[in-house]
Amino acid sequence: MEPITHNSELRIKYLVVKVASRCNLNCTYCYMYNLGDNSYLNQPKVMSAKVVDAIIDKALGHCKRMGIDFFVFSFHGGEPLLAGKPFFKSFVKKAEEKFLPEKIQPYFALQTNGVLLTDDWCQHFAELGIEITISLDGDKETNDKYRIDHKGRGSYDRVVKGLKIAKNSTHKILPPGVLSVINIYADPVSVYQHFKDLDIHWFDLNHPDANYDSLPPEYSPSPDSTPYADWLIKMFDVWFAEKKDDKRPQIRL
């Protein structure tokens, strides 16, 4: 077997860690809970300490082997806040105790739906150095078309409440970014303007999860049909025309 070389394609520096297998929302487009993947039912609700140790050791070995001096752990779910504050305190402590003596800097990020965010959580994230991103698809009508709870209620009001708590926190936490799934039925210019109205500094746009057997909304195999490109171009044109000093947000896509 050929030894592993320092190929840049193999030098992974970012790992998504799904720490909770359940969610307090029930988004209709979610690949895990509503598109046929029921594997979560066979998983523990929260990642065990044994698995945490294995992940940290595996990541550390990778960094040492590849000569990497920083590594990002990004906490996801389900809804990661369901894991509870002690889980994150323990994870960060273990990672720092193993990485820092090797002169490797661990960084921590977290993707949340925002419903459970409180000032106490923001203080916790600030103390642990965890950056957060919040899921929000646009204005109330756009977001609540798909992002509902287990009683069928929209999540927008609760998410925005959590977003504002994080943005206005007196604790040393970076302003949260937003992760947004494209709703092809929404006006892209209105979505963009709504994020600006919320004073969001950056956001990311995800395409709806899809595959050959389950195509995304309005998709057509015809090369003349490009609904998602058309949607994105409309937003891009407005974004591009703005000056950076107009508080133009960054779009990570």
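Residues are numbered from 1 along each chain as its sequence is written. Because the model is predicted, local features need pLDDT of at least 70, side-chain atom pairs count only at pLDDT 80 or more, and totals for chains, interfaces and linings use all residues, while side-chain values use heavy atoms, with hydrogens and water left out.

Helices (H or I, at least four residues) and strands (E, at least two) are DSSP runs, numbered from the N terminus. Seven strands make up an open sheet with parallel pairing, in the order S1-S2-S3-S4-S5-S6-S7. Strand S1 (14-18) and strand S7 (250-251) are at the edges with a single partner strand each, so one side of each has no neighbour in the sheet. Two strands are taken to pair if DSSP finds at least two bridges between them. In general, strands of a sheet pair through backbone hydrogen bonds, either parallel or antiparallel.

Within the sheet, S2 and S3 run parallel and are joined by six bridges. In this pair, Phe73 stands opposite Phe108 in S3. Six of the eight residues of S3 are buried, so that this strand is mostly covered (buried means under 20% relative accessible area, exposed over 50%, and partly exposed in between, with a 1.4 Å probe and protein chains only). Strand S6 (residues 202-206) pairs with S7 in the parallel sense over two bridges, and Phe203 stands opposite Ile251 in S7.

Ile251 is partly exposed, with a relative accessible area of 25%. Apart from neighbours within four places in sequence, Ile251 is in contact with Tyr192, Phe203, Leu205, Met235 and Trp239, where contact means heavy atoms within 4.5 Å. Ile251 and Cys122 are 129 residues apart in sequence, and their C-alpha atoms are 24 Å apart in space.

Two packed helices are described by the angle between their axes and the distance between the axes. Axes are lines fitted to C-alpha atoms, for helices over the stretch in contact, and angles run from 0 to 180 degrees between N-to-C directions. Angles under 35 degrees count as roughly parallel, over 145 as roughly antiparallel, 65 to 115 as roughly perpendicular and the rest as oblique.

Helix H2 (residues 85-99) lies across S1, strand S2 (70-76), strand S3 (105-112) and strand S4 (130-135), and runs at about 160° to S3. The axes of H2 and helix H3 (residues 119-128) come within 10 Å and cross at roughly 5°. H2 is therefore roughly parallel to H3. In this contact, Lys85, Phe88, Lys89 and Val92 of H2 meet Asp120, Trp121, His124 and Leu128 of H3. The residues of the contact of H2 with H3 comprise four nonpolar, one polar and three charged. For these classes, Ala, Val, Leu, Ile, Met, Phe, Trp, Tyr, Cys and Pro count as nonpolar, Asp, Glu, Lys and Arg as charged, and the others, Gly among them, as polar.

H2 also packs with helix H1 (residues 49-66): the two axes come within 10 Å and cross at roughly 30°. This angle makes H1 roughly parallel to H2. The crossing of H1 and H2 is right-handed (a crossing is left-handed if the near helix is turned anticlockwise from the far one by less than a right angle, and right-handed if clockwise). The contact of H1 with H2 has ten nonpolar, no polar and four charged residues.

For helix H6 (188-197) and helix H7 (227-241), the axes come within 8 Å and cross at roughly 45°. H6 is thus oblique to H7, and the crossing is right-handed. Pro188, Val189, Val191 and Tyr192 of H6 and Trp231, Lys234, Met235, Val238 and Trp239 of H7 make the contact. These residues divide into eight nonpolar, no polar and one charged.

Several loop residues have backbone features to report. Gly77 and Gly78 are joined by a cis peptide bond with omega of about 20°, and Gly78 is in the loop between S2 and H2. Asp199, which is not a glycine, has a positive phi near 60°. Asp199 lies in the loop between H6 and S6 and is partly exposed at 31% relative accessibility. Glu218, also not a glycine, has a positive phi of about 70°. Glu218 is in the loop between S6 and H7 and is partly exposed at 49% relative accessibility.
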